[in-house]
Amino acid sequence: MFVRPEKTIRQLPRRLARNKKRALDNLDWLINNMHPYLFVTLGSEEESLSNLCMNLHTLGENRQIVLRDTDEKSIIATLNKPGTLFRTLNTIRDKRIIYAEMIHSDNNLPGQDHELEIQKFHLFADNQRPEPISFFRGKGRIRKALQEYYLRFNFREFDTIFSHFLTNNPDYVLLSPARRVARGMWLYQSAIREGGAFLDIEAVKDEKGRDESRLTFSVIDPMAEGYIGQVIEIFYRLNIATRRNYILEIDDGKQRVTIFTAYITTREGKPIERTMPVFSSLESELYNTKVINVRDRTYQELVTDGVLTGPQGSLLSALCTFVHTNLAHGSPYRFSWEETQDAFLSHLQLTREILNLFEKKFHPDPEIRMGKETLENEYRIIQTMIEEYNTGHALLDETRRIMFAVALLFVRYTLKTNFFVTLKKALSFRLDPSYMTNLPKEIRENMPLDTPFRITFFYHRNGSGYHFGFSDIARGGFRTVIARTKDDFESAIGTVLKEAMVLAHTQHLKNKDIYQGGSKIAVVMKAFDVKGQDRVTNRLYNLQRGIINAFLDIFVTRDGKPVDPKVIDYYGEDEPIEIGPDENMHDSMIEWMAERSKERAYILGGGIISSKKIGINHKEYGVTSLGVWKFLERTLTELGIDAHADPFSVKITGGTNGDVAGNELKLLLEHCPKVQITSITAGSGAIYDPKGIDKEELNGLVLKDNIDKFSPDRLNEGGFIFYAREQKKEGLIDLFKRVARDKDGVREEWVSSDEFHAQFENLILSHYTDVFIPCGGRPETIHMGNWQKLFDEKGNPATMAIVEGANSFIAPKAREEIQNHGIIILKDASANKCGVICSSYEIIGGLLMKDKEFLQHKEAYVGDVLKILEKRALDESELIFRRHGQSNGKALYTDISDHISREINDLTDTVYSYLTAHPDIALKQPYTKTLLLHLPAFIRDHKKFRDRLKGLPLKYRIAMVSTEIATRAVYHGGLEVPFEDRVEQFVRKISREIET
């Protein structure tokens, strides 16, 4: 029906008058039914508060009232129904929430079956940052509140923390009571002090004198999006009622700390106490938010529906990842991530049986934990269930039975885990490596056949990986692969187990000259869902901290027993594991790891990691490259080339600013006046110059900048530069920038992705140089599918020799083919071994000297270490070429290298076993002198440090003596096996060296 506008206009004054009365009635209801803090939080929001009063009675007819909607703030009034918060969060999912409040009414709205809920969010984009307030009068009141209520607050940090709060959210500081701000500052500091998260609960009374509980929880770097919803979902799932929730985010430039305060009761209105089972569940769930992946199907389909608890969801995600990574490297499509998840969601009863068995095996409560006989019986029952799995699809059933069987292996062979540790940032599982013998034959044969000494699996919501160790005392690098696309992640995570094992095995062969066996941590991090390098780096640090804390959770022991009583250990020995820097390990993280290890009293303390500031930085001293250089020098001699006088050509992979490639280029430029470095390929780009890359320009980049900073004006005709980081799109085609010089000068062009990668590969493979030095690149860059490109159509090689500065750059079978066709290969385990040897001596120096002493004597100590490195490289390179000659050229250089490593390692193990069985012999003078010969001359020459050797664990001293005996015997001869009747005679001969 048509209504005249004049009539509507005449009626408006009466309607407005009625609305005024309704607004006053609504205000009265708000005063009587809402917490007074509502009027504090909306005190500066007059329009929002007026809007609420004017329209409160329309809720029910309207789903919500938008009280404010700007780029910086969103304030919503709605009915407290399931899903309302999630609906609001969905509307602002592209925004970053820095502060949030949820306040509920005490009673239902008049005429409604639900309470009123006010939702307030402060927002800002990644590129925004509020201007700091230079002066605030209430600062003294906040300090006083901290002194009165939070006695453990460290006031030396007061000004810094207060500045972070004022900068991040001035409204919160300006409007909140002093005690509330003081509580937030205390929680911020506590999360950092506790290493990642802090939780507390206390009894309080609401404004009407009713008992309730105040839950406070602060956490470093939780999930950036969806965290509020995740916490509220936990309350719903545990039947916890909340009246008011406050969430504040503080970004201090290094990390984000989210502070959560909730006023809670049971659904029956009773306060929640620490002694109640619901609090234990809540504590476990909240700490688990650091671990669980809310984007995983496990969370979305099982946890939110109450099928699994949050911790069980994390365990299942870890289990799926373990199964996938153990199988996918051998059959990626059959055991894909999607297929693996489908398997465990297809039979929830079987899945729950496996999870329950794991929990009962490792439960800290002995009343719940199963004994050995009961466990064995449960294994048999579940094995029967697996064998009977049948959906009527034969091939699918066979695949899934294999997956379930590997899951059962995981439970059976895990020896200790941090699953029940309260404050964990990732999950860790130390396994008996013999489980690998039970993997399908085709899977096991895809990896090195030597059985490791230990395997540890790590799960984190942003990445997962493995630590492999091939001896009790072991060391090796921590490598993090950053997967920037979904395809990269799926490829890398599917092969991470194999990569870690291959690298650790290579490291073990490489570590022959030191008392530590080989190990490696390899972790794959997903970075395809974050934008901006700062956020990628922040996630990298969060992941690495999580992995290291999970490592320490299970490996911090005393007399073989875990320090944390919630770690049940079926292994029962101390495990000294040393870690070195590797791919994507930054200096700041190295220092953090050392400090964290000392804080948590790990058996090695700061010695857990090498290349610290108070240590021997590999890049600064070029220790890895020194060994590669000595092998290159000896190889050129074999080719009839004097590196110091004759012309020769080189191609190299790795960045000019990288550790190994940068220092290798530096050595070539310093020692080889006639060298022509014709190509360099790196992550930032590639350069080629047929007449040799301009040395003056190159020298300006070495150890300072990337190759893409090379001036194109310094190219010779025929030279070019590719820029890997300068891309653009034309339609659907990705283009890369290329700058080349021809007879007319320098020109810029854009080439397709196919041409870009083809020319990159050509520089590595087909482009001719006398020697090729790979000093960077992914493992197995040269493999069975492309090694033939090292030879032209007539079979002529594109290089005479390859000296491997990068680990596993060439696949093992490809190495054989390349050598059989006439190219010399000096293997990574030999050529780049000096880096790890240096790390070993850095650890020894740290064990024998205090930090101040090490810094005082560093140059003298490092000078002696460098002499040891040169000697070890010369000893092995001479032996390799000597044995090759003795074989009349029939033995492959890489096989000789492997044989030398195995001889030394086997002899070391034999001597070690002999001396540990006869420790009194190891304390005799010839052996103590042999120990001194293993050490830098600086230690031998200073009685103070020499005397401290007695303070080292006997296991360490025996290991050093065993290594020194074995290396000397193999490199120079003189000890045969079996040796028991000759070892003392041999040691006496060695010990005479120190007397002369």
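Two strands count as paired here if DSSP finds at least two bridges between them. Strands, E runs of at least two residues, and helices, H or I runs of at least four residues, are DSSP runs numbered from the N terminus. What you see is a predicted model, where local features need pLDDT of at least 70 and side-chain atom pairs count only at pLDDT 80 or more, while totals for chains, interfaces and linings use all residues. Residues are numbered from 1 along each chain as its sequence is written, and side-chain values use heavy atoms, with hydrogens and water left out.

Let me start with the nine-stranded sheet. It is an open sheet of 9 strands with mixed pairing, in the order β23-β22-β21-β20-β19-β18-β24-β25-β26. At the edges are β23 (745-752) and β26 (824-826), each of which pairs on one side only. On average, neighbouring strands of this sheet are turned by 25° against each other, direction ignored. For such angles, axes are lines fitted to C-alpha atoms, for helices over the stretch in contact, and angles run from 0 to 180 degrees between N-to-C directions.

Within that sheet, strand β20 (residues 685-688) pairs with strand β21 (residues 720-730) in the antiparallel sense, over 4 bridges. Which residue of β21 is the bridge partner of glycine 685? The partner is tyrosine 723. Helix α23 (residues 659-671) packs on the sheet and touches β18 (648-653), β19 (675-682) and β24 (771-774); contact means heavy atoms within 4.5 Å. The direction of α23 makes about 165° with that of β18.

The charged end of lysine 737 sits over the ring of tyrosine 723, 4.9 Å from its centre. The criterion is NZ of Lys or CZ of Arg within 6 Å of the ring centre and within 35 degrees of the ring normal. Arginine 180 has its charged end over the ring of tyrosine 246, 4.5 Å from the centre.

Next, strand β7 (240-251). Of its 12 residues, 11 are buried, so β7 is largely enclosed by the rest of the structure. Buried means under 20% relative accessible area, exposed means over 50%, and partly exposed is in between, with a 1.4 Å probe and protein chains only. Strand β3 (residues 96-108) pairs with β7 in the antiparallel sense over 5 bridges, and isoleucine 103 stands opposite arginine 244 in β7. β7 and β8 run antiparallel and are joined by 11 bridges, with alanine 241 opposite threonine 265 in β8. β7 and β8 form a hairpin with 4 residues between them, and glycine 253 in the turn has a positive phi of about 95°.

Helix α10 (residues 277-288) has 12 residues and reaches 17 Å from first C-alpha to last, close to the 16 Å expected at 1.5 Å a residue. That expected span is 1.5 Å times one less than the number of residues. The buried residues of α10 are Phe279, Leu282, Glu285, Leu286, Tyr287 and Asn288. They pack against several elements, including β7 (240-251) and β8 (256-266).

Strand β10 (residues 427-431) has 5 of its 5 residues buried, so it is largely enclosed by the rest of the structure. On one side are Leu427, Phe429 and Leu431, on the other Ser428 and Arg430. Strand β9 (residues 414-417) pairs with β10 in the antiparallel sense over 3 bridges, where threonine 414 has leucine 431 as its bridge partner. Strand β11 (residues 454-460) also runs antiparallel to β10, with 5 bridges, and serine 428 is partnered by phenylalanine 458.

Phe429 brings us to the rings. Ring pairs link a cluster, among its members Phe322, Phe429, Phe457 and Tyr570. Rings of Phe, Tyr and Trp (its six-membered ring) pair if their centres lie within 6.5 Å; planes under 30 degrees apart count as stacked, over 60 as edge-to-face and the rest as tilted. How many aromatic pairs does a search of the whole structure find? It finds 45. Phenylalanine 153 and phenylalanine 155 have ring centres 5.1 Å apart and planes at 75°, so the pair is edge-to-face. Phenylalanine 153 counts as buried at 4% relative accessibility, whereas phenylalanine 155 is partly exposed at 25%.
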